[in-house]
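Thanks for coming. Please look at the sequence and the model on the screen while I talk.

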Amino acid sequence: MKGLLKFLTCGSVDDGKSTLIGHMLYDAKLLFADQEKALELDSKVGSRGGEIDYSLLLDGLMAEREQGITIDVAYRYFTSDNRSFIVADTPGHEEYTRNMAVGASFADLAVILVDATKGVIAQTKRHARICSLMGINHIVLAVNKMDLVDYDEARFNEIKQEFEQFTYNFNLESIQVIPVSATAGDNVTKLSENTPWYDGKPLLQYLEDIDVTDQMDEAAFTLPVQRVSRPSHQFRGFQGQVESGQINVGDEVITLPSKEKANVKSLLVSDQESGEAGIGQAVTVQLDREVDVSRGDVLTTNEELNVADKFTTTLLWMDGDELVEGRNYLVKLGTKTLPGTVMKIKHKIDINTGDDVPADKVYKNELVVCDIALSEKAVFDKFENNEALGGFILIDRVSNMTSAAGVVNHALRRSSNVVWQDTDITRPIRSQQKGQQPLTLWFTGLSGSGKSTLANEVEKRLVAHGHHTMLLDGDNVRHGLNQNLGFKEADRVENIRRIAEVSKLMNDAGLITLSSFISPYEGDRQNARDIIGESFIEIYVSTPLEVCEERDVKGLYQKARDGEIPNFTGVTSPYEAPQNPDIEVDTSQMSLDEATDYIVKQIQQQLA
Amino acid sequence: MKELTHLDQLEAEAIYIIREVAAECENPVMLYSIGKDSSVMLHLAMKAFYPEKPPFPLLHVNTTWKFKEMIDFRDRKAKELGIEMFEHINQEGVEKGINPFDHGASYTDVMKTQALKQALDKHGFDAVFGGGRRDEEKSRAKERVFSFRNENHAWDPKNQKPEMWKLYNTHINKGESMRVFPLSNWTEKDIWQYIRRENIEIVPLYFAKERPVVERDGNIVMVDDDRMSIGEDEKVEHKKVRFRTLGCYPLTGGVESEADTLDEIIEETLGAVSSERTSRVIDQEAAGSMERRKREGYF
């Protein structure tokens, strides 16, 4: 008995997907909960003048199962005498590409259907491309409705050739093209007399026999660490699933990124002591000496594995919000989760043709090639070498949505060549000399809320107390550092990124930075917080809109209301108020002096 | 290395999922319903962390109408394994005298669904393991392994986060929580075969034994305690019965059976229909309507 085969089916409904799977289950007697149900179904399928409509078998179940959720991947389970199968039945429509990708990322093999009368269409190519991107190395192309083209070998070969040409660059390990008729049952569970020229196996037998195990067991050993288990002083086990290769007790492994060497002292495969462990097994590894390893690190025998902080990737964008350059996300790669920034959008890939398309924004269900910079060095590999260390997701830091699925194409060499230059005079030394803790006081709030006035007052107070400060103001920065930036989204993100980096440099110099920017989006402020780190203090100047508008110091609200300024925060574009600001002041409720006192009092402790 | 069997693969997948939750979530809990799926899930949790104990407690939502044998089994297991077991009972429901005989559907809602929500809110759990399988229930066929619930514990099936490879996204907003189903890809058959392979102890009610029962509305109901009133036209008989699913005794129908070994149960459960030895696998009904109702109530 072979191991589990996880496969997905794709192709449009018209291509006969339900009929094909229904016929396969029916012929192989793999269906039917009980005889009652069998009879009920028999009476249904028998009602068309003796012609059996096999799609009713599956659609009948589907209608029950789906309960109005027709857009998502559904999982079905069956077992033949030789193998257990899980089928991910995926939606065909372009709009649900991301759900199709979910099924593809789950499966080891794809059965793609084409209609012999129509041949390879755009959708066939889209599905094949997504399958390949998600790591599927085995494709079955079922050329359906062969009965409608009189089982014409030439027509079959034409489709076969076109598909094989299209997938030539896909790095597939196997590709099998099978002529079938889902309604008539040709080559579904048994070879058909109508296609004597076909020398392969029928579909079910092909699925039963195929070996989809990656050649990964011959590759170097890799174990991304899920968890460190420390039940007692005597036991320190690294837990995870072996992603490639195998390991024996006594073998030497390298820990990454710490690059230490140690030997395997003991191995548990689930809860059993074992002398060896291999790919796919859940293990707990004890090493013979203390090493610096925590969740997200990797135990391996491969010294060449990348430890770097930049890579080029192909992403499937899955979020309703578009992707723009400079945006910061959480990257989950292997068992490691860390912040990362989309640095450079190179181009999109036309999902149907495969052509490169220039772009600066990316929308849902689009493929894009871009560079990602991680906040620190991490262990990764090319996806084609190791799916577990080359596949990742991007998580939106505010909505927590899984925004993209990506595959690492290659590490960027620069990441190993551009290194941090260690200097002798460090931030603690510089701040000690000034007798203060460097902080960034980030003032956010509507235009006219009193941010700049307040920042100015707070700075004066700090200087009077002998502190060393620097004030960065939104308007002023746009005259210099950021004069090349406009107001569209990508520019706005970059504006805040630069200011955050400058604030951080000022902190490194030992200074207290006061940064006063509307910064209306939670995501941008989160980005600033990530860059600046622990020194970041968010001060929300929460003066209500009506008060700000009444003040209208610069006459901007009037202009915005008159339609002269597009995208004006509070009027024509939103202000996302901070959920948990460190400090909140409302200048319509407090005098300038009171607000200044309050802020200085709040930061007193951090200053010391 | 020899190729892993499909049970090996399912086991490794479930352990991976359980460890991810332990590593990434702040306050996880494992729902324990005392049934066979829960027994398998608990067994996997013990394996996942060995030689450590699972770093999370178990939670049993008690309707107060469970079979006595279930409660005995639960308490003995928790003690044996040395795992903390929370029990939650909806006291409000108990005070109002909500019971399965008089209150039907609202009984399920109050004593199961509401009780579960109370327990989760009380302890502030952010991730809740459940023993649900995709093959057992219609809506579950499309549910993710990590399934999100809003602050009202509701599932939005039309807006599920994409779940790619095994990169589970465990990040949630304040007030939200996750249901996590490590047995998502197991079938009923896998569960029974795994119980046999691993020699997992299950509640004796699954095995045929002579028990006091009455016939009621076509079901064989066990008289588990004296809270059950016997109608004038009903007669308590002693029959050799077993239970395919376990829940509240007044709502759980037994079947007459001679199967008192695991092999016989597996034979009866999986081979019952097919005399000609066809593998019968997409098996909607096997889980039984009671268990399904329970799941719907629970999740």
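First, the ground rules. This is a predicted model, in which local features need pLDDT of at least 70, side-chain atom pairs count only at pLDDT 80 or more, and totals for chains, interfaces and linings use all residues. Residues are numbered from 1 along each chain as its sequence is written, chains are lettered from A and ligands numbered from 1 in the order in which they are written, and side-chain values use heavy atoms, with hydrogens and water left out.

Chain A is divided into domain 1 (5–209), domain 2 (216–300), domain 3 (306–416) and domain 4 (427–607). Those bounds come from an automatic or database domain assignment.

Take domains 3 and 4 of chain A. Their C-alpha centres lie 31 Å apart. Nine residues of domain 3 are in contact with nine residues of domain 4, contact meaning heavy atoms within 4.5 Å. Together the two domains bury about 820 Å², 53% of it on carbon and sulfur atoms. Buried area here is the accessible area, with a 1.4 Å probe, that two parts lose on being put together, summed over both.

Which three residues supply 46% of the area that domain 3 buries against domain 4? They are A:Arg327, A:Arg397 and A:Val398, more than any other three residues.

The count of salt bridges between these domains is one. A:Arg397 also forms a salt bridge with A:Asp530, with the closest N and O atoms 2.3 Å apart. The term requires a side-chain nitrogen of Lys or Arg within 4 Å of a carboxyl oxygen of Asp or Glu.

Now the strand. β11 of chain A covers residues 252–256, and four of its five residues are buried. Buried means under 20% relative accessible area, with a 1.4 Å probe and protein chains only. Strands are DSSP runs (E, at least two residues), as helices are (H or I, at least four), numbered from the N terminus.

Four bridges join β11(A) to β12(A), residues 260–269, and the two run antiparallel. Strands pair if DSSP finds at least two bridges between them. A:Ile254 stands opposite A:Lys261 in β12(A). The hairpin of these strands has three residues between them, and A:Lys259 takes a positive phi near 55°.

β11(A) is also joined by three bridges to β16(A), residues 298–300, again antiparallel. There, A:Thr255 stands opposite A:Leu299.

Last, chain B. It has eight helices and 10 strands, and of its 299 residues, 60% count as buried.

Conventions: Buried means under 20% relative accessible area, exposed over 50%, partly exposed in between (1.4 Å probe, protein chains only).
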